[in-house]
Amino acid sequence: MLRRLLLPALAAALLLVPPLAQAQQRSITVASTTSTEQSGLFSHILPAFTKATGIQVRVVALGTGQALDVGRRGDADVVFVHDRAAEEKFISEGFATRRYPVMYNDFILVGPSADPAGTRGSDIAAALKAIAGKKAPFVSRGDRSGTHAAELRLWKEAGIDPSTGQGSWYREIGQGMGPALNTAAASDAYLLSDRGTWLSFQNRQDLRVLTEGDRRLFNQYGVMLVNPARFPHVKSAEGQAFIDWLVSKEGQDSIAAYQIDGEQLFFPNADDPNS
């Protein structure tokens with residue numbers, strides 16, 4: 001008798017499992033930069049997004065070039081990166097149809113407090129010329145990241161080919177911002193860093209900020225939905241919900257609220273169409 005009563009109840013309970021499991025499995029994959037991950041920004045904003053939408057976010061943190069390649073393979077639903085030229089190329093190739101500005105911060109030149117190249121307080125072009133002239137140790141990410149692209153652009157604007165110093169004073173490590181900072185700290189070297197990762201970095205040792213505030217050090221971030229017309233498996237509704245939240249007042253306020261030791265790491269500017 002008891003068994004006859006339990007079986008219908010059990011069957012009814014089992015019918016509830018698939019929709020519940022499906023609801024719990026709403027998720028997207030976001031290919032993004034190491035700076036958004038290693039700065040702690042995602043740890044701050046993603047719980048708020050998931051609470052608002054029920055959508056879980058899996059982050060694949062890579063250099064911008066690699067993150068865009070993940071998008072080109074259709075292995076991510078959204079890319080969130082910081083290299084405007086590379087982002088526009090991604091769209092022109094048909095891998096996305098629209099780019100949304102999200103936020104900005106800036107790059108900084110850090111180096112040993114003794115500053116053997118004499119870069120402190122100078123503009124970035126003069127600082128890089130001084131480093132090359134003194135053959136002072138410089139660590140490059142060398143990973144096709146947005147930071148690496150910015151570094152190469154700045155060397156070019158300074159009229160210097162750093163590859164001529166490869167193997168002596170110029171060292172490419174092919175890794176993210178955190179490992180690059182660790183390498184620079186361990187070897188008393190100069191390095192171009194995004195400010196967000198620098199502020200969250202704990203192993204500074206003798207490194208100091210030496211050059212900052214130059215307009216050429218501006219660092220803009222953008223987000224794009226991977227084109228579902230090209231990759232039908234892309235979770236376009238959930239991915240667009242993430243983008244819409246990032247550029248909404250709630251998302252922008254969440255980004256602005258992220259601070260370390262009272263210092264804001266990223267500055268929302270989704271309302272600036274020129275960014």
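α4 (64-72), α5 (84-92) and α7 each supply at least two residues to the lining of the second largest pocket. Helices (H or I, at least four residues) and strands (E, at least two) are DSSP runs, numbered from the N terminus. The model is predicted: local features need pLDDT of at least 70 and side-chain atom pairs count only at pLDDT 80 or more, while totals for chains, interfaces and linings use all residues. Residues are numbered from 1 along each chain as its sequence is written, and side-chain values use heavy atoms, with hydrogens and water left out.

**How the spaces are found**
- Rolling a probe the size of a water molecule over the atoms shows where empty space is left.
- On a 1 Å grid over the protein atoms alone, a cavity is a set of points where a 1.4 Å probe fits but cannot get out. A pocket is an open set with protein on both sides within 12 Å along at least five of seven lines, and lining residues have an atom within 4 Å of a point.
- Grid points are joined across faces, edges and corners, and a volume is the space filled by probe spheres set on the points.

**Second largest pocket**
- This pocket holds about 210 Å³ of space.
- α4 gives the most to its lining, with 5 residues.
- Among the lining residues are Thr-64, Asp-69, Arg-72, Lys-89 and Arg-153.
- By class, the lining has 3 nonpolar, 2 polar and 6 charged residues. Here Ala, Val, Leu, Ile, Met, Phe, Trp, Tyr, Cys and Pro count as nonpolar, Asp, Glu, Lys and Arg as charged, and the others, Gly among them, as polar.

**Largest pocket**
- The largest pocket has a volume of about 260 Å³.
- Its lining comprises 16 residues, of which Arg-84, Arg-153, Phe-218, Asn-219 and Gln-220 lie nearest its centre. The elements that give two or more residues to this lining are α7 (146-157) and β9 (218-225).
- α7 gives the most, with 5 residues.
- The lining of the largest pocket has 4 nonpolar, 6 polar and 6 charged residues.

**Cavity**
- The whole structure contains 1 cavity of 30 Å³ or more, and the volume of the largest cavity is about 30 Å³.
- Its lining includes Phe-138, Arg-141, His-148 and Leu-192.
- β5 (138-140), α7 and β7 (190-194) each supply at least two of the lining residues.

**Nonpolar cores**
- A nonpolar core is a set of buried Ala, Val, Leu, Ile, Met, Phe, Trp, Tyr and Cys residues joined through side-chain atoms within 4.5 Å. Buried means under 20% relative accessible area (1.4 Å probe, protein chains only).
- The largest core has 56 residues, and Phe-80, Phe-242 and Leu-246 have the most contacts inside it. A second, separate core of 22 residues includes Leu-109, Leu-128, Ala-150 and Trp-169.
- Of the 275 residues of the protein chain, 49% count as buried.

**Whole chain and confidence**
- The protein chain has 11 helices and 12 strands, and its C-alpha trace spans about 90 × 40 × 35 Å along its principal axes.
- The chain averages a pLDDT (the predictor's confidence in each residue, from 0 to 100) of 92, and 91% of the residues score at least 70. Over residues 5-23 the pLDDT is below 50, and beyond near neighbours in sequence this stretch has 1 contact (heavy atoms within 4.5 Å) in the model.
- Where pLDDT is low, the predicted coordinates should not be read in detail.

Terms used. Buried means under 20% relative accessible area, exposed over 50%, partly exposed in between (1.4 Å probe, protein chains only).
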